[in-house]
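Let's take a friendly walk through this structure, looking at its core, a helix pair and a loop.

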Amino acid sequence: QSGFGASLAGVGNALGLPSAGSKEGDPASSSASDGNKKSAKSNKTPFTASPSYEQLSRSLSFMCHLVQENERQMYSSGGKSYPLQYLRGNQIGLEACLKIIQLLPHSAGASGKQLDGLFLNFINTFVNLVGNLQVGQQLVMPGGWQQTDSCHICLYILRNMGTRYSFSVVNTGPAGLEYHPSNFDSVTGRQTKQLCLTVWDVPPERVTDSTFWVLLFRMQVYPSKRNTAEFLYTKLLPALNSRPLASNKDTGHAEYFYPPATTLAAKNYHQLALLGLTSIPELNAPSSKYSSLLVRNAAVEIAYRGVADAPPSSMDPEDVRILKLTARNLANFASTMDSSSVGDSGDGMQLLGGALSQTWNLLDKLLGQLSIASSKPLDQHSIVTRPGVTQAGADESVEFNNGHLKNL
């Protein structure tokens with residue numbers, strides 16, 4: 001065991017973390033502990049994190065689907081490139097995350113030696129995967145922690161930068177955001193958060209040491225009240241580059257976002273998956289905000305292709321309302337973009353101008369088609385003469401009833 005591994009093991013022992021062979025992850029033994037006797041009596045079924053991981057998998061799969069559909073559209077139209085082409089590597093990272101979620105025994109329902117064996121097999125497979133990570137590639141992993149009666153889900157991003165690595169925690173809260181740097185929107189005055197917190201200049205030997213990954217992933221495998229945000233942010237992350245967590249704030253490009261407005265919105269994991277796809281923790285990389293605009297454009301483009309051939313009066317009003325709200329959200333997001341949102345590239349204004357032009361053209365097409373597909377049919381009963389209408393209105397109704405369609 002390396003010195004780094006020994007120090008991390010010392011951290012785990014100092015905090016009183018259960019050993020790998022402990023039965024604290026067993027629902028029966030956990031419910032028998034003093035702190036959980038009351039919850040065990042009130043809840044007949046033990047807590048499981050499986051639904052949260054399933055929801056995360058659905059959100060990640062949707063983001064992968066957007067990139068794949070963007071690529072298919074390029075081939076069908078005979079093009080040579082597509083807007084999300086530079087996110088292809090990130091999409092592969094998300095697909096790897098889906099496989100890791102399947103391999104990680106986060107909700108295995110096992111305990112003792114059986115759970116230890118599953119966890120050991122996972123660690124051996126994962127460390128080999130990290131060793132095969134090429135320069136410029138990044139790996140997305142499920143993150144967070146489990147306690148006996150709750151769980152919190154986030155994402156980890158490991159990127160090979162050549163001689164060094166970067167390790168990022170993508171967290172949309174609410175738990176753990178107190179450790180992420182804050183800022184204020186100069187226009188609205190609302191608080192923003194650096195949802196993607198990156199630890200820079202990580203030596204290769206730190207990420208190839210299995211001890212770090214054991215301490216990191218055991219927080220999702222062995223439920224314990226000692227699995228907290230404090231342990232992750234104040235113990236594990238600073239050990240990666242032997243520096244205080246706050247020292248990483250000004251090392252690379254930092255982006256600030258509005259966290260999800262409610263806990264329910266955070267637990268949908270849509271924003272988390274979007275940040276997992278668009279975050280590139282490397283200097284001079286396209287910003288996540290700019291990439292998010294392109295991903296949203298791709299999603300609305302798919303929606304438009306689905307209704308492009310819809311005949312008049314064929315769409316349900318509720319579907320139309322949802323699509324119009326989607327278009328409004330895209331317009332609101334695009335209106336917040338400026339040249340600084342593109343990143344540190346010199347042609348930022350040109351890139352942003354092209355993306356915004358695509359956005360407005362797409363919205364024009366979508367709203368125009370929605371107006372046609374949601375229009376109500378007009379027949380001889382649609383216009384009736386009522387008492388109090390003007391003579392012009394009455395004349396038009398008479399002409400329409402007589403077969404003259406100029407007012408149509």
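A nonpolar core here is a set of buried Ala, Val, Leu, Ile, Met, Phe, Trp, Tyr and Cys residues joined through side-chain atoms within 4.5 Å, where buried means under 20% relative accessible area, exposed over 50% and partly exposed in between (1.4 Å probe, protein chains only). This is a predicted model, in which local features need pLDDT of at least 70, side-chain atom pairs count only at pLDDT 80 or more, and totals for chains, interfaces and linings use all residues. Residues are numbered from 1 along each chain as its sequence is written, and side-chain values use heavy atoms, leaving out hydrogens and water.

The largest nonpolar core has 60 residues, and Leu60 and Leu293 touch the most other members. Leu60 has contacts (heavy atoms within 4.5 Å) with Leu94, Cys97, Leu98, Ile101, Leu155 and Ala273, leaving aside residues up to four places away in sequence. Apart from this core lies another, of 40 residues, including Met141 and Trp145.

Now to the helix pair, with helices taken as DSSP runs (H or I, at least four residues) numbered from the N terminus.

| Helix | Residues | Contact residues |
|---|---|---|
| α8 | 210-221 | Phe212, Leu215, Leu216, Met219 |
| α9 | 229-241 | Phe231, Leu232, Leu236, Leu240 |

By class, this contact has eight nonpolar, no polar and no charged residues, with Ala, Val, Leu, Ile, Met, Phe, Trp, Tyr, Cys and Pro counted as nonpolar, Asp, Glu, Lys and Arg as charged, and the others, Gly among them, as polar.

Finally, Ser313 sits in the loop between α12 and α13 and is partly exposed, at 35% relative accessible area. Ser313 and Ser374 are 61 residues apart in sequence, yet 4.8 Å apart in space, C-alpha to C-alpha.

How values were computed. Axes fitted to C-alpha atoms, helices over the stretch in contact; angles between N-to-C directions. Helix = DSSP H or I, 4+ residues; strand = E, 2+ residues; numbered from the N terminus.
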